[in-house]
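Trainee: Hi! Could you walk me through this one, please?
Mentor: Happy to. Here it is.

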Amino acid sequence: MERVDKSMGFFGIFKEAYNLTASKTKIFSQIFLAILLPLTIILLSQYLASYYILTDAYQTNDGETSRWILYAVTNFLCLIFILCLYLFSSATISYVVASHYTSKDITFKKAITAFPKVWGRLVVTFLWWFLVFVICSTAAFFLYVWFWATHDGDERKIPRTKNAIVISSISIPYCSGLLYMTLVWSTATVISVLEKDYGRKAMIKSIKLIWGKTLASFAVCLVLGIAITGIVYPFDQFVVIGKISSLTGRIFIGITCYLLMIVLLHFSLVIQAIIYFVCKSYHNEDIANVAQHLEGVPNAHIVRGKDVQLEPPALV
């Protein structure tokens, strides 16, 4: 019998993610090796491949056009694999967390069966987030272009203070909005797996669901984003670009970044599922029958109160 504490805040969410991971070490270790490890390898190795193609290390006799074609194709294929593995791991971990809170037995083989049933819904939800991302990015880009155009594109005509203020006034809202929409998308991803809504409906439902827990959820998302940057930047500078000459040092930093990224991806996906359940509990919504559409399990009994208490379904 598990409880979802509706008062769980910033530190409580991280603590819950750790406790949940510790309680299901076996299945999460299998997810580590089968899904998160390939995802991390492709994610970070994409930087290495891109840098190799764009530098003189890659020799080609077909001119710069072939270089850029190879760059575009390589990145496109990497992004497709990354998206597929990310959605696969999101569906699997969301199902594991749901089984934990509804006190249902779960195995790795059973957990990975969630993805084939919901992959189309996850793709549609992602495309809606991507549409919002494109619209916001385009708006920010045109604001930058308009600002430079008003000064004939000459940076010397722009006072430094004015330049800093204008760039900050565009960049800060854009980055904050993008981070918030990423939070909305991550919760909508869990909704797409565990409930019947997906796409635009899941995004709207996610916005309503995180209301009341927005500050704590946003802070968690911000910390995770900073942590990812703290891994990618050293990897890019020291391993990809090679700002340290020692091969041993580059290998050590590279292996460390790969390992840290796997752990970070795991906790990010566990946390996004926990945020979903905390928000459901905060709004006193019934969470006893989540993921029912994945396997047709009977509804569990739910006791309402300060915390949401779930009882395991009756054994048949």
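Predicted model: local features only at pLDDT ≥ 70, side-chain atom pairs only at ≥ 80, totals over all residues.

Trainee: Let's start with Ser29: is Ser29 buried or exposed, or in between?
Mentor: Ser29 has a relative accessibility of 34%, so this residue counts as partly exposed. Buried means under 20% relative accessible area, exposed means over 50%, and partly exposed is in between, using a 1.4 Å probe and protein chains only.

Trainee: Which helix does Ser29 lie in?
Mentor: Ser29 belongs to helix α2, residues 25-54. Helices (H or I, at least four residues) and strands (E, at least two) are DSSP runs, numbered from the N terminus.

Trainee: How far apart are Ser29 and Phe108?
Mentor: In sequence they are 79 residues apart, while in space their C-alpha atoms are 9.6 Å apart.

Trainee: Okay, overall picture: how many helices and strands are in the chain?
Mentor: The chain has ten helices and three strands. Starting at the N terminus, the order is β-α-α-α-α-α-α-α-α-α-α-β-β. Of its 316 residues, 42% count as buried.

Trainee: New topic: at what angle do α6 and α8 pack?
Mentor: Helix α6 (residues 160-194) and helix α8 (residues 214-240) pack at about 105 degrees, and their axes are 10 Å apart. That makes α6 roughly perpendicular to α8. Axes are lines fitted to C-alpha atoms, for helices over the stretch in contact, and angles run from 0 to 180 degrees between N-to-C directions. Under 35 degrees counts as roughly parallel, over 145 as roughly antiparallel, 65 to 115 as roughly perpendicular and the rest as oblique.

Trainee: Which residues in α6 and α8 meet?
Mentor: From α6 there are Ser176, Leu179, Tyr180 and Leu183, and they meet Thr214, Ser217, Phe218, Cys221 and Leu222 in α8. Contact means heavy atoms within 4.5 Å.

Trainee: Now aromatics: how many aromatic pairs does the structure hold?
Mentor: There are 15 aromatic pairs. Rings of Phe, Tyr and Trp (its six-membered ring) pair if their centres lie within 6.5 Å; planes under 30 degrees apart count as stacked, over 60 as edge-to-face and the rest as tilted. Take Phe88 and Phe115: the ring centres are 5.0 Å apart and the planes are at 35 degrees, so the pair is tilted.

Trainee: Where do Phe88 and Phe115 sit in the chain?
Mentor: Phe88 is in helix α3 (residues 63-101) and Phe115 is in helix α5 (residues 114-149), so the pair links distant parts of the chain, 27 residues apart. Phe88 is partly exposed at 22%, whereas Phe115 counts as buried at 18%.

Trainee: And what about Phe126 and Phe130?
Mentor: That aromatic pair is stacked, with 6.0 Å centre to centre and 25 degrees between the planes. Phe126 and Phe130 are four residues apart in helix α5, which means about one helical turn separates them. Both also belong to one aromatic cluster with Tyr86, Trp129, Phe133 and Trp185.

Trainee: Last one: what is Tyr276 in contact with?
Mentor: Leaving aside neighbours within four places in sequence, Tyr276 is in contact with Thr187, Val190, Ile191, Leu194, Glu195, Leu209 and Val290.

Methods
Residues numbered from 1 in each chain as written. Heavy atoms only, no water.
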